[in-house]
Amino acid sequence: MQSEHETKTYSNFIGGKWTESSGGIIESHNPANGVPVSRSARSKPEDVAHAVEEARKAFDSGDWSSKRPADRARVLREISDTLRRETEALSVLLTLETGKPLADSRGELLNAANVLEYYASAARHIVGRIPRYGASDVSLVVHEPVGVCGLIVPWNSPISLLSWKLGPALAAGCTVVIKPAVYTSGVTMEFVKLISAIEGLPPGVLNAVTGPGEPVGSALVKNRDVDKISFTGSTETGRKIMEMASTNLKKVNLECGGKSADIIFDDANLEAALPSAMWSIFRSAGQSCNAGSRLLVQRTIYDKFMQGFKEATAKIRIGNGLESSTEMGPVVSETQLNRVLGYIKSGQDEGARLTAGGKRLVHGDYSKGFFVQPTVFEGVERNMHIFQEEIFGPVLCVLPFEEEEDAVSIANDTEFGLAGDVWSHSLTRIMRVSQGIRTGTLWVNRHLNPGPEVPFGGYKQSGLGRETGMEGLMEFLQTKHISLQLTDSFERVRR
Ligand code: NAD
């Protein structure tokens, strides 16, 4: 399988040229077996400065921001088409770098193509308004691109999350410097390579620089020529980004961590709720910002529901993402593995009951990778670390609840506020619960957004601002008010 994979080396893409860095190379490895996947530049702060300089020049030239919306839309559509055309090859690389099942990688790429296509249309809907105060006193409220944007992306869904930033940034007329996560630099740079040759994208509009958060990401955030940072990653890094961005009060968009609750009422369609709850935590081995990592089940159905849940969990097929039978792959790295195992130990030490999984798989081929069993904790108390902190691995905390108010109170008992799921048939209850829960998104009798038209983002410490939808586009625009007093002399000039 992987023996046929060619380990490619990628340099940085700056000002329309592939540019070597003197900082050396970082290798990414397949988390399923440790085999090298790709090599990319370990950039230095001066590489970042160079990329920002080119992005600045490209923005200030107006070659991109002053293009007609239809022309920017055409480029975005072509990026989307390229992604669709290249889905098969890119999905293999995505699976090799993240470990996720191939079907999930394909899904991610098609999702990204859909997002980019949406922003191709959105580019043609950037319109202002003209309040009128009198015959010769009018105002123009116009939206202008923010400028040079740093796009900092994590590894868990690297192309999909990049599309949430790249689509609206290019639609708005901004220029960008992309900084992917180290683990997924190969698939990101391959994507950049595929789209870099698209006609109509002037040099310097799209730049990409690889390397670790420190010093590469931070150099981008601190650079005073960057007007905006759009970041997705942990809340801890998000806090640092906010601080560093204060150098020139640059705008920041933060899509951070989550600890979402999946609430199952006893009147719900349990046949649909059970697999949804299971995959909302175990998909991508729990490495999703919106993972339903806290399952709240009404006491009246708790025992029966949990019996079915654990039986289904035991059947999840764990393996190398390239194998068609695999439903759950490894976690992304040894660091992540140790973090997850550390939380499992902490749950046990704090007295939660481990009722499924809990171990690293070490037999046979598993020994070469970072595989953790789907893990379920019951008897969890609200003050436990496993209940309060984002684990970002296949570890679920389950709590029973009595009444609606308890469910809302447990769901809100966290510093995060990204998303959540509610399962019930009662419309009045759904309305009460969904208004009581403090999260940016709430899915009712479903999991995940139906399309890129709707916004996504966090309440509380899950973030700042929104991505996707027209809200995501507005984050890359700033608003100018031009107040016109039409004087007589002006009128005469016009006549
Ligand atoms: P991370 O915060 O470690 O890294 C994210 C990105 O930031 C990477 O590109 C990294 O290199 C860069 N970075 C790290 N330190 C930096 C610094 N000091 N300055 C500038 N850049 C820096 O997160 P991760 O481990 O890659 O991703 C997992 C996290 O992402 C989880 O917390 C998850 O919930 C979150 N996430 C959120 C969303 C969302 O939409 N809210 C989506 C996916 C992932």
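**Reading strands, helices and contacts**

Reader: In what sense do strand β6 (residues 132-134) and strand β7 (residues 137-145) pair, and over how many bridges?

Author: Strands of a sheet pair through backbone hydrogen bonds, which can be parallel or antiparallel. Here strand β6 (residues 132-134) and strand β7 (residues 137-145) pair in the antiparallel sense over two bridges, where two strands count as paired if DSSP finds at least two bridges between them. Strands (E, at least two residues) and helices (H or I, at least four residues) are DSSP runs, numbered from the N terminus. A hairpin of two residues joins β6 to β7, and Gly-134 has Asp-137 in β7 as its bridge partner. This is a predicted model, in which local features need pLDDT of at least 70 and side-chain atom pairs count only at pLDDT 80 or more, while totals for chains, interfaces and linings use all residues. Residues are numbered from 1 along each chain as its sequence is written, and side-chain values use heavy atoms, with hydrogens and water left out.

Reader: Which strand do nine bridges join to β7?

Author: The partner is strand β23 (residues 477-485), which runs antiparallel to β7 and is joined to it by nine bridges. You can find one place in this pairing at His-143, which stands opposite Thr-479 in β23.

Reader: In what order do the three strands of the open sheet stand?

Author: The order is β1-β5-β4, and the pairing in this open sheet of three strands is mixed. Because β1 and β4 (25-29) stand at the edges with a single partner strand each, one side of each is left without a neighbour in the sheet. From one strand to the next, the twist averages 25°. Between β1 and strand β5 (residues 36-41) the direction is parallel, with three bridges, and Thr-9 has Arg-39 in β5 as its bridge partner. Helix α6 (residues 185-196) packs on the sheet, touching β1 and β5, and its direction makes about 75° with that of β1. Such angles run from 0 to 180 degrees between N-to-C directions, with axes that are lines fitted to C-alpha atoms, for helices over the stretch in contact.

Reader: How many residues of α3 are buried?

Author: Buried means under 20% relative accessible area, exposed means over 50%, and partly exposed lies in between (1.4 Å probe, protein chains only). Helix α3 is mostly covered, with nine of its twelve residues buried, including Leu-90, Leu-93, Leu-94 and Leu-96. Helix α3 (residues 87-98) reaches 16 Å from its first C-alpha to its last, close to the 16 Å expected at 1.5 Å a residue, that expected span being 1.5 Å times one less than the number of residues. The helix lies across β1, β4 and β5, and runs at about 90° to β5. Just after α3, Gly-99 takes a positive phi of about 90°.

Reader: Is Asp-413 buried or exposed, or does it count as partly exposed?

Author: Asp-413 counts as partly exposed, because its relative accessibility is 26%. Its place is in the loop between α13 (404-412) and β18 (416-417). Leaving aside neighbours within four places in sequence, Asp-413 is in contact (heavy atoms within 4.5 Å) with Arg-294, Arg-382, Phe-387 and Gln-388. Asp-413 and Arg-382 are 31 residues apart in sequence and 7.6 Å apart in space, C-alpha to C-alpha.

Reader: Where is the place of Ser-11?

Author: Ser-11 is in the loop between β1 (8-10) and β2 (12-14), and it is buried, with a relative accessible area of 15%. Not counting residues up to four places away in sequence, Ser-11 touches Trp-18, Thr-19, Glu-20 and Met-189.
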